[in-house]
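Me: I'd like to learn how to read helix packing, sheets and salt bridges in a model. Can you walk me through it?

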Amino acid sequence: MSPTEPRGPEVDALLNLLNEQRVFEPSADWRAYAIANDPSVYERAAADPEAFWATFAAELEWSRPWTQVLDWQPPHAKWFVGGQLNASVNCLDRHVRTSRRNTAALIWEGEPGDRRTLTYWDLYRQVCQCANVLKSLGVTKGDRVAIYLPLIPELAIAMLACARIGAVHSVVFGGFSAEALRDRINDAQASLLITADGGYRRGQIVPLKQTADEALTGTPSIQNVLLVRRQPGEMFPVHVKEGRDHWYHRLMQDASADCPAEPMDSEDMLYILYTSGTTGKPKGIVHTTGGYLVGTYATTKWVFDLKDTDVFWCTADIGWVTGHSYVVYGPLQNGATVVMYEGAPDWPSKDRFWEIVERYGVTIFYTAPTAIRAFMKWGTEWPAKRDLSSLRLLGSVGEPINPEAWMWYHEHIGRRRCPVVDTWWQTETGHIMIAPLPGLTSLKPGSATKPFPGIVAEIRTGGGVAVAKGGGLLALTTPWPGMLRGIYGDPARFVDQYWTRWDDGVYFTGDGAHVDEQGDYWLLGRVDDVLNVAGHRLGTSELESALVDHPAVAEAAVVGRPHEIKGQSIAAFVTVKEGIIATAGLSDELKEHVVRKIGAIARPDQILFAADLPKTRSGKIMRRLLRDVAEGKALGDTTTLADPNVIRRLKDEYEALES
Ligand code: PRX
């Protein structure tokens, strides 16, 4: 699928306008006390990026030192070659030998209000016990373990336990359907599934085990299931299959808390995480150990200015990369106190997040623009009635943040005291790539500002010409430590997807961006067939496959539509098979069908039945025109269409429906 160029003149006009807006300079305190407060760091990192990253690597614990920082054979990178280390040692053992031993590592709150605090020592012991449980179930180094859990401490424990024995974790977000879980288990050939009886979301029970049981009807690689009880008592009745399913709490009871960590090669796999791409099949993004740990450690420390006194809360679910990197690996390597909350931000009332900030004295808060826009809609009275004075830094991730949301966040949550760091990165990049350093960077509402030191980004035209100022495609031109090492089981797709847009070994992000006079980056969203709905990444073809899987559907085309809160919403154009009558009932059924196939995050907002879809003479659906229809815009160039009447009709029908 060839990416389209981001639209030029309108975007330029908007950006000029934005540039005239206020710039927020770091305060004197921030300049003086931020961990990263030496402006020469950018130059130094650019002059010798390997030395720059090696300085951070040297702050971690290695059981064998590396002999070479980088071996770059585009598009294949090896970082800290020859070195050995273990992720769980760097997150735990390193801290339990110091005064951090009895400080809180995880402060967890369940949606119903249950609370647990695990000190570093508690977490260390439970991870070791869990690692021994995994061993007792036959898991060994290199085996894949699927994890399908609510946002409970056991999720972090399970990941770190895998890391401790060298097993590869593949966390599947608890909102995914049975089918999505099954596909991911099968793709990774996981031998163990770790799941729970259930979890809570908006006061409802999410019956994870029941969904997992459905997935497990077609997963021959799974030998055992480790079953966590979300809370004592038989809250969620579940089916326990004799010989296959094992209660976590029973096995943990007898497990030893002594589990030496497996020394891992820097390039040994740490995890796989599935994400959506431009085809129907999600990609298993592979991250390895050394570079990923260094990248997450460094960016957590500098972008969030993480200090011992901080209480760090990243609201992302651990099922997404943000949770992997900034709930688990980044903050724990830094010895931070991490807040985890299981449920919805508006449960039981719309100040739940602010209540949590107040209760635990959260100092650093990291969330997504979708959430911020929802807070805006709910009104300022909710944050206003809580004490948010502990906050000192705010972060944003996952989608472009509109300047209005940035300003609201700064004013009503940060109370004008807290810098806002907008952080751009991807599942593939492993860690933050473009973001301010709060003690150094002038902030512009809506801009992710500058690449992190040692990272080299570039705006390019489709033809590969670098754009010094203006809009284009966002490329990353040099390797970075946490970069993906591949797509699990599909080396050809890895090369094709990311490295063939241009022919000079440069990574194509799939995003459009604009760079201004000061070299600040403004992210404009995806330019490929990937949607970003409420910060969740979904491929249009993945959604289309789900729709055409329904017996009534002949063809489907999905496009994103701007949405006030979610950033984008899903609009599906569907043609039905001969003899099928398109009714409102069918529309609802199709929405449910997509939920069953993928999960609730993929529910289409709008289904429009069409007699025909606009196609080129060679039969390719022209999504660009469907986007124009869904966005209520004038139709773009229709000259290449086989039958221009199709799209005109569709536009009329759509407008009639909307009015
Ligand atoms: O389009 C960009 C958008 O999210 C995509 C990556 O999605 P995912 O792999 O799910 O990871 C999300 C969390 C890192 C990117 O290609 N994106 C992410 N952060 C930003 C963003 N767009 C604009 N501004 C951001 N700060």
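Me: Which hand does the crossing of α6 and α7 have?

Reply: The crossing of α6 and α7 is right-handed; a crossing gets that label if the near helix is turned clockwise from the far one by less than a right angle, and left-handed if anticlockwise. Helices here are DSSP runs (H or I, at least four residues), strands are E runs of at least two, and both are numbered from the N terminus. Keep in mind that this is a predicted model, where local features need pLDDT of at least 70 and side-chain atom pairs count only at pLDDT 80 or more, while totals for chains, interfaces and linings use all residues. Residues are numbered from 1 along each chain as its sequence is written, and side-chain values use heavy atoms, with hydrogens and water left out.

Me: At roughly what angle do the axes of α6 and α7 cross?

Reply: In general, two packed helices are described by the angle between their axes and the distance between the axes. Here α6 and α7 (residues 153–165) have axes that come within 8 Å and cross at roughly 65°. Axes are lines fitted to C-alpha atoms, for helices over the stretch in contact, with angles from 0 to 180 degrees between N-to-C directions.

Me: Which residues in α6 and α7 meet?

Reply: Among them are Leu123, Tyr124 and Val127 in α6, with Ile157, Ala158 and Leu160 in α7. Contact means heavy atoms within 4.5 Å. The contact residues divide into 13 nonpolar, one polar and two charged (Ala, Val, Leu, Ile, Met, Phe, Trp, Tyr, Cys and Pro are nonpolar, Asp, Glu, Lys and Arg charged, the others, Gly among them, polar).

Me: What does α6 lie across?

Reply: Helix α6 (residues 120–136) lies across β4 (104–109) and β5, running at about 85° to β5.

Me: And in what order do the strands of the open sheet come?

Reply: Strands of a sheet pair through backbone hydrogen bonds, either parallel or antiparallel. This open sheet has seven strands, ordered β5-β4-β17-β16-β18-β19-β20, with mixed pairing. Its edge strands, β5 (115–119) and β20 (420–423), each pair on one side only; pairing takes at least two DSSP bridges between two strands. Strand β19 (residues 393–397) runs parallel to β20, joined by four bridges, and Leu394 stands opposite Val420 in β20.

Me: How many salt bridges does a search of the whole structure find?

Reply: There are 48, each a side-chain nitrogen of Lys or Arg within 4 Å of a carboxyl oxygen of Asp or Glu. One of them joins Lys301 and Glu59 (2.7 Å, N to O). That pair links distant parts of the chain, 242 residues apart.
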